[in-house]
Amino acid sequence: MARLLLLSLPGLVAICAVHGIFMDRLASKKLCADDECVYTISLARAQEDFNAPDCRFINVKEGQQIYVYSKLVKENGAGEFWAGSVYGDGQEGEMGTVGYFPSSLVEEQHVYQEATEEVPTTDIDFFCE
């Protein structure tokens, strides 16, 4: 079933038909390098494989590099998840796809900017196509 998504840009309002589903939120807040969460926080390397349990997550292979864009604020005993995209060998079809993964399975290799901005999550943060 198609859902309508309302996009509001300065001076422009667009209504698009979108195929997908809004999934449950994993957290109500996230940490970012800026208030719009557009800048890369860090580069991390996976220490083990991770198979995505649903479309909010990305598959990660041991040794693969991941660009980290935001870090969900842990709440109510839930695990800590970061949002990022895979980079490099082995999953060219998934490169550029942004999704969540457990922070415990990666080691940060290089921090570009500190994640100091606490930003509320929105339904779009957990939208699956």
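Biologist: Which residue in strand 10 does Lys29 stand opposite?

Modeller: In this predicted model, local features need pLDDT of at least 70, side-chain atom pairs count only at pLDDT 80 or more, and totals for chains, interfaces and linings use all residues. Residues are numbered from 1 along each chain as its sequence is written, and side-chain values use heavy atoms, with hydrogens and water left out. Strand 4 (residues 29-32) and strand 10 (residues 117-120) pair in the antiparallel sense over four bridges, where strands are DSSP runs (E, at least two residues) numbered from the N terminus and pairing requires that DSSP finds at least two bridges between two strands. Within strand 10, the residue opposite Lys29 is Pro120.

Biologist: Which residue in strand 6 stands opposite Lys30?

Modeller: Strand 4 is also joined to strand 6 (residues 65-72) by two bridges, and these two strands run antiparallel. Lys30 belongs to the covered face of strand 4, together with Cys32, whereas Lys29 and Leu31 form the uncovered one. In strand 6, the residue opposite Lys30 is Leu72.

Biologist: Is Gln65 buried or exposed?

Modeller: Gln65 is found in strand 6, and, leaving aside residues up to four places away in sequence, Gln65 touches Leu43, Ala44, Arg45, Ser85, Val86 and Tyr87, a contact being heavy atoms within 4.5 Å. Buried means under 20% relative accessible area, exposed over 50%, and partly exposed in between (1.4 Å probe, protein chains only). Because its relative accessible area is 19%, Gln65 is buried.

Biologist: How many strands does the protein chain have?

Modeller: Read along the sequence, the pattern of the protein chain is β-β-β-β-β-β-β-β-β-β-β. The secondary structure comes to zero helices, and the strands number eleven.
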